[in-house]
Amino acid sequence: MLQHFDPNKDYGTPASLSENLVTLEIDGVEISVPEGTSVMRAAALADINIPKLCASDNLDAFGSCRLCAVQIEGRRGLPASCTTPAEQGMKVWTQNDKLAKLRRNIMELYISDHPLDCLTCPANGNCELQDMAGSVGLREVRYGFDGENHLDAPKDTSNPYFTFDASKCIVCSRCVRACSEVQGTFALTIDGRGFDSKVAAGQDEGFLDSECVSCGACVQACPTATLTENSVIEMGQPEHSVVTTCAYCGVGCSFKAEMKGDKLVRMVPYKGGDANHGHSCVKGRFAFGYATHKDRIRAPMIRDSIDQPWKEVSWEEAIGFAAKRLKAIQAEHGRESIGGITSSRCTNEETYLVQKLIRAAFGNNNTDTCARVCHSPTGYGLKQTLGESAGTQTFDSVMKADCVLVIGANPTDAHPVFGSLLRRRLREGASLIVADPRHIDLLDTPHLGDATHLPLRPGSNVAMVNALAHVIVTEGLEDTGFIAKRCEDDAYAKWRAFIQDPRHAPEAVEEVTGVAADKVREAARTYAKAPNAAIYYGLGVTEHSQGSTTVMGIANLALATGNIGRDGVGVNPLRGQNNVQGSCDMGSFPHELPGYQHVADPVARGRFEAAWGVEIDHEPGLRIPNMFDAAIAGHFRALYVQGEDIAQSDPNTQHVEQALRSLDCLIVQDIFLNETAKFAHVLLPGSTFLEKNGTFTNAERRINRVRKVMPPIAGKEDWEVTVALANALDYPMNYAHPSEIMDEIAQLTPSFAGVSYDKLEQQGSLQWPCNDEHPVGSPIMHVESFPIGKAHFAITEFVPTTERANRRFPLLLTTGRILSQYNVGAQTRRTDNQVWHDEDVLEIHPHDAEERGINDNDWLGISSRAGHTVLRARISERMQPGVVYTTFHHPHSGANVITTDNSDWATNCPEYKVTAVQVEKVSQPSDWQKNFHDNHQRQHKFLHEAKPAAE
Amino acid sequence: MSHSEQDRLIQMINQIALNNISAGDESAVAEVVAGHVKKFWSRRMKSQLFDYLGQGGEELHPAARLAGERLQGDAR
C-alpha cells in the first residue's frame, strides 16, 4: 500500500525515481516501493516510523546514529534501515526487545554528553533528540554526567540570524551534509576524530567569517537546538503556519510562514514547493524583518508640491486628492498626458488591476512595468522565435541536462536556490560553459564534468552567440531532423546563409569578444554534441543595446541543435524579481493586453472591451523611457507608480530625476519612502507579501499562491488601493477577493483559462499555459509544436554599441547583484543582511588599479558621459583588465548616475551592462551625492512633519 | 517637441534599421522597421516622426526614412 506524499513528513531518505517496484513486508504490512528505496523510507510510506537521528529525506543516507536499526529475516545483525535498500520479498521487523534495548543504549550514550536543560532550551517542543529519548523510553543514564563532555563548548553567535550552540551538538553530520548536498557550498566540516570531532565552519573561523552563505539549510537540518534561528530563541516555537511564496527573486520559493498569532517567527522553506523542494537562500529564509521595520509608511500622505512637508490624511482624502488631480490634468492636457507603472514585486492580480485602471479609467495605454529595464528583450526575442514570451522549462529540468551553458547570469548570487540545484547537477557530471565578463562562483563549484569560461568583453554577446552558431552550422553539428520537422523552412534557409558567412567565425570575432577562437569552437561542440544541452541566461544578456538580438541568437542555438521540447534542454531566462514573468503576462506592457495579446488585435481587444465596458485605445502607449522624455518635454504630466523605485533602479539618474520633477502629479504606492517617493505628491502605503492574498508567477511560468499571514499595516492590500482609485475616477471596480480578479484574468487570457484559486489549492501550483488543452498546466513548453506552428530562426546582425571606451573613458563598467542584497535594497537594507554588504564598491582589476595608484578601500571617482559618482575600491581578479564592476543596492552610491540612456533597439531595455568610464582617486563625494544627501535629509524631515504631534 | 525627445526618436528608429540591416534590400529593411514602429510606438511618437519627416528628416537612416514615409502613407 502506497501512502499519499505528505510534504510535512520526513521520510528519512530521498525518494527513488526507479519505475520498477519491489514488494516487502514490514511489521506484517505489505508495501510496494520503487527499487532503490530504503527500508526506512518504505516503512515511513506505510506509516511505520522507525526512530532516527542522522537521517533526513533531503540528504543521502549516512548510517551513523544506528538508532534506525531493524531486524531482517535471514540477515545477521541489526542493519541500519536508512542504508539498507528494500528488496523483493524482504521481511522486516522494526520493533522487538533486542531493538528496543539497542536503541535505549544508543540514546543513553548520546544523552550522557548533552545538557539536560530541556525546559529552557529553545528547541523545546520541536526537538528530535527529545522525541527519540521519549520514543525509546530512556529512563536513566547509567554513565552519569561527570565524565569528559562538551557541555562547556562555546556558542558561535557571529551570524545575525542563527546561533550555533556546540554544547548541544550530537555530531550527526546533518548540517555538514545539508551544506554540501543541498546548498553545495561545502562551508561546514567535521573537524577532529572520535570524541574530539566537532562541526566547524570554514577553517574553524566561525560562521560569519567562513564561506557560509546563510541559506539556513543547516539550521533546518539540525535535530537538536545546536543550530537555531535567533527569532525562535527570542520568541519560542511558532503555533501555526501558512504556506506562501517568497517575494524576492524569480525562483519563487515556497515557504511556511511560521507564526505566533500575527507575528512571524520564522520562514521555513516548504518541501512541497515545486520550485525549491524545501531549500532556501539567506534572503527568503531570514530577511523578512523589513515587513515590520519602523520606516514602513503607515498612513496615506499628500502634498501640493515636493518642496513641502507631507500631510497625513485618510485613505478617502488621499484617493480623492489623487483622482481630482488626475482628472484635472487630463482635462487640461489630454487623455494621453497621464500613465502608470506596474510592479514585478506585486501580485498578478495587482498588476492586472493597475494596467486595467490605466487602459479603462485613464483611457490610454500608457502602462509599463519594471520588466522594461530587465527582461523586456526576453519577451520580444522569445516571441519572435519560439512564439511565446517565456522560458521553456521547469527548474527541475536541469537535473537531466548534460551540458549547461550559462550566459550573462550569476545564479549562485542572484537565483541561489536554482544555483544550488544546478551545482548538484554539475557534481553529478554535467559540463558547464560560462559566457560572462566576470569569473562567477559557479566556475569554482566542485564538479565532475568540464567547466569552461568564455570571458567575453561587455557588449560582445551577439558576436559570441553568432560564433557558436557558426561553428554548429559549419561543422555539421545541427539537428537536421528537428529543424526539418519543427522549424520554418524559409527563415531557416535565410538564417543558415547569414550565419555561415565567415565574418561570424570565432576567428573573425576574436578581436571583438576577446576570447580565443579555439575555446569558442570547443564550447560550441560541447553544447551541440551533448545529448541534452540547456541554456540559462540573465540580465547580462538582456541589458544591452542588442539585448533582444542575443535572446533571439540564444533561441537560434537551441533550435539548431534540437534542444527544445523535452526535459534537460531549453531556453531559460532567469528572471530578476519575483513576479517579472507575471507582470509581463498580466498586460503591463503598453502594446499588449494580458496574455501578450496586441492592443491592435480587434478580436482580443473586443473581448476586453466587452468585459470592461469601455473602448480601449488600439495604439500602443508610452514605455518608461518614453514617459520620462515626454515628461521633460511637458506633455506627460502625471504618473501612478505601484511598488517600483524608478529613481534608483532606472539608468541615468539625473535624467530620471528631471523627468520626475517635471510631473504635476506623482502618485507612489510603496512600503517605504523610496527614492521615487521623494518626488511624489501622493504617497499611498503599500503592503508586503505577508499582508495580502494573490499569486506570483516565477521564471518557470509557475503560478504560486501568496497568502496573507498578517493584516496590512495601513489597512489596505495593494489591490484594494487600485480599486479605490478606479472608483474615484468613476470607473467602477468591485472585487471582494483577489480570487475574483484571477477569475476575470482566466476569462480573458487564453493561456490562463484553466487557472483558479480552487485549482491552485488542489494542485499546489500551476505552470501556464493552463487551459482545456493543458488542464493542470505545462511544465515543459513546445513539446509537440510552437504557438506559431513552426519555430522561426531570426537573423541576428551584430551592431556594436555606440557606448565605447576611448581615451577619455578607457574602462568599461558593468553592473550586477550580490547574494545578500536584493535589487534597490529597499527590503534587504532594512535587515541584518547589511552585515554582508553595507555599501556598493567598485571592483577593479589589479592591473588597472596599479596604473592609477589605487589601493583597496580608496575612494574612487567614476565618471561617464552621463555623470559622476564616488565609490570605494575593491581590487579583484574576478574582472578582466579594462572592465570594472559595481552593484546598485544602495541609493547613495549613485551607480545609475553613471549609466547612460543607451538601450536595446527593440525594447528600450537600458544598457546597464556597458558604460565607458574613467576612474581616479578622489577625496570627497560627488556633487550628485552631496545633493542626494541634502535632499534625503529634507525629504525625511518632511515625512516626520507629516505625523500628527504626539499628545 | 523638445530637442532631446526628437533626438531620442531618431536614435531609436535608426537603431531599429541598423539592427535589421540583413533583412534584405532597403525596401525589405524598411518593411521590418515600419512593422516594428507600428507595433510598438505610441500614437504621439509616430506623429512626431511624421513631423520630423516633414522637416526633411535628414538624420534618418535611409531605410528608417522609407519606413516613416510608408507609415505616413498608411496613416493618411
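Me: Which residue in S33(A) is the bridge partner of A:Leu860?

Reply: In strand S33(A) that partner is A:Leu871, while A:Leu860 also stands opposite A:Lys921 in S35(A). The model is a predicted one, in which local features need pLDDT of at least 70 and side-chain atom pairs count only at pLDDT 80 or more, whereas totals for chains, interfaces and linings use all residues, and side-chain values use heavy atoms, without hydrogens and water. Residues are numbered from 1 along each chain as its sequence is written, with chains lettered from A and ligands numbered from 1 in the order in which they are written.

Me: What makes S32(A) and S33(A) count as joined?

Reply: Strands are DSSP runs of E with at least two residues, helices are runs of H or I with at least four, and both are numbered from the N terminus; two strands pair if DSSP finds at least two bridges between them. Strand S32 (residues 859–863) and strand S33 (residues 868–875) of chain A run antiparallel and are joined by five bridges, so the pair meets that rule. A hairpin of four residues leads from S32(A) to S33(A). S32(A) also pairs in the antiparallel sense with strand S35 (residues 915–921) of chain A, over four bridges, and therefore this pair passes too.

Me: Why is one side of strand S10 and of strand S12 of chain A left without a neighbour in the sheet?

Reply: Three strands of chain A form an open sheet in the order S10-S11-S12, with antiparallel pairing. Strand S10 (240–245) and strand S12 (263–269) stand at the edges and have a single partner strand each, so one side of each has no neighbour in the sheet. The twist from one strand to the next averages 30°, taken between N-to-C directions on a scale from 0 to 180 degrees, with axes fitted to C-alpha atoms. Strand S11 (residues 254–260) pairs with S12(A) over six bridges, and A:Lys260 stands opposite A:Lys263 in S12(A).

Me: What makes A:Glu336 and B:Arg43 a salt bridge?

Reply: The term requires a side-chain nitrogen of Lys or Arg within 4 Å of a carboxyl oxygen of Asp or Glu; the closest N and O atoms of A:Glu336 and B:Arg43 are 2.5 Å apart, so the pair qualifies. The count between chain A and chain B is five salt bridges, and over all chains the rule gives 54.

Me: Why does the salt bridge of A:Glu87 with A:Arg75 tie together parts that are apart in sequence?

Reply: The closest N and O atoms of A:Glu87 and A:Arg75 are 3.2 Å apart. Both residues lie in the loop between strand S3 (71–72) and strand S4 (91–93) of chain A, so the pair ties together parts that are twelve residues apart in sequence.

Me: How many residues of chain A are in contact with chain B?

Reply: Contact means heavy atoms within 4.5 Å, and 34 residues of chain A are in contact with 23 residues of chain B. The chains bury about 2,400 Å² between them, 48% of it on carbon and sulfur atoms, where buried area is the accessible area (1.4 Å probe) that two parts lose on being put together, summed over both. In chain A, A:Asp629, A:His635 and A:Trp905 lose the most area to chain B, together 25% of what that side buries.
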